[in-house]
Amino acid sequence: EKKLTPFEAIGEETLHSLIDNFYGLVAQHPDLAPLFSDDFSEIARKQKQFLTQYLGGPPLYTEEHGHPMLRARHLPFPITPTRAEAWLTCMSKAMDMTGLQGPLRDEFYSRLYLTAQHMINTPDDKE
Ligand code: HEM
């Protein structure tokens, strides 16, 4: 029996709801909202593509945008430890709102935790 990828186990519909819930929270977060444009539709679309491939689904992000190079793509933005924590808090709340639970959630969140640490490019006091 073939083991499901996390993408298959979570399902596209749930993943898309998670990302829409997530950016709804980011839009209201005082430490995060100023980094983004007022229209979250394009970033939500890219994040759906990216997280699909991150979870073992089809490589939608790379097909349209090339190699993710996520750290490099975040360099124009001051990503402080405080903002990484805020990003993860919004993600955890979005997971609650979406009803994502159990080992699938825990493994996904652990990976996002590490990726978020990797995005930090600015100390809190240099922001
Ligand atoms: C883009 C913030 C972590 C995935 C962006 C953008 C900002 C941002 C400001 C640009 C939005 C725009 O184009 O208007 C942050 C902050 C993070 C964080 C504050 C805290 C650590 C992450 C993580 C992931 C991620 C952990 C993936 C697991 C992406 C993707 C894009 C993006 C896929 C689109 C890149 C592109 O094609 O332009 N992020 N991000 N981000 N972020 Fe993050």
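Predicted model: local features only at pLDDT ≥ 70, side-chain atom pairs only at ≥ 80, totals over all residues.
**Notebook: a helical chain and its ligand**

I started with the order of elements: from the N terminus on, the chain reads α-α-α-α-α-α-α. Size came next: the radius of gyration is 15 Å, close to the 14 Å from the globule rule for 127 residues, so the chain is as compact as a globular protein of that length.

I then took the extents of the C-alpha trace, which spans about 50 × 30 × 25 Å along its principal axes. Of the contacts between residues at least 6 apart in sequence, 75% join residues at least 24 apart.

On to burial. I found that 16% of the 127 residues count as buried. What does the largest nonpolar core hold? I get 13 residues, and Leu18, Phe22, Cys90, Met91 and Ala94 have the most contacts inside it. Two or more residues of this core come from each of α2 (12-26) and α6. I checked Ala94 on its own: leaving out residues up to four places away in sequence, Ala94 touches Leu18, Asn21, Phe22 and Leu25.

Last, the ligand. Which of the 21 residues around the ligand come nearest? My list is Leu35, Phe50, Ala84, Trp87 and Ala116. The elements giving two or more residues to the shell are α3 (41-54), α5 (70-74), α6 (81-98) and α7 (102-119). I sorted the shell by class and got 13 nonpolar, five polar and three charged residues.

Conventions
Residues numbered from 1 in each chain as written. Near = placed C-beta within 6 Å. Helix = DSSP H or I, 4+ residues; strand = E, 2+ residues; numbered from the N terminus. Nonpolar A, V, L, I, M, F, W, Y, C, P; charged D, E, K, R; others polar. Core = buried A, V, L, I, M, F, W, Y, C linked by C-beta atoms within 7 Å. Buried ≥ 20, exposed ≤ 12 C-beta atoms within 10 Å, placed from the backbone. Contact = placed C-beta atoms within 7 Å. Rg over C-alpha atoms; globule rule 2.2 N^0.38 Å.
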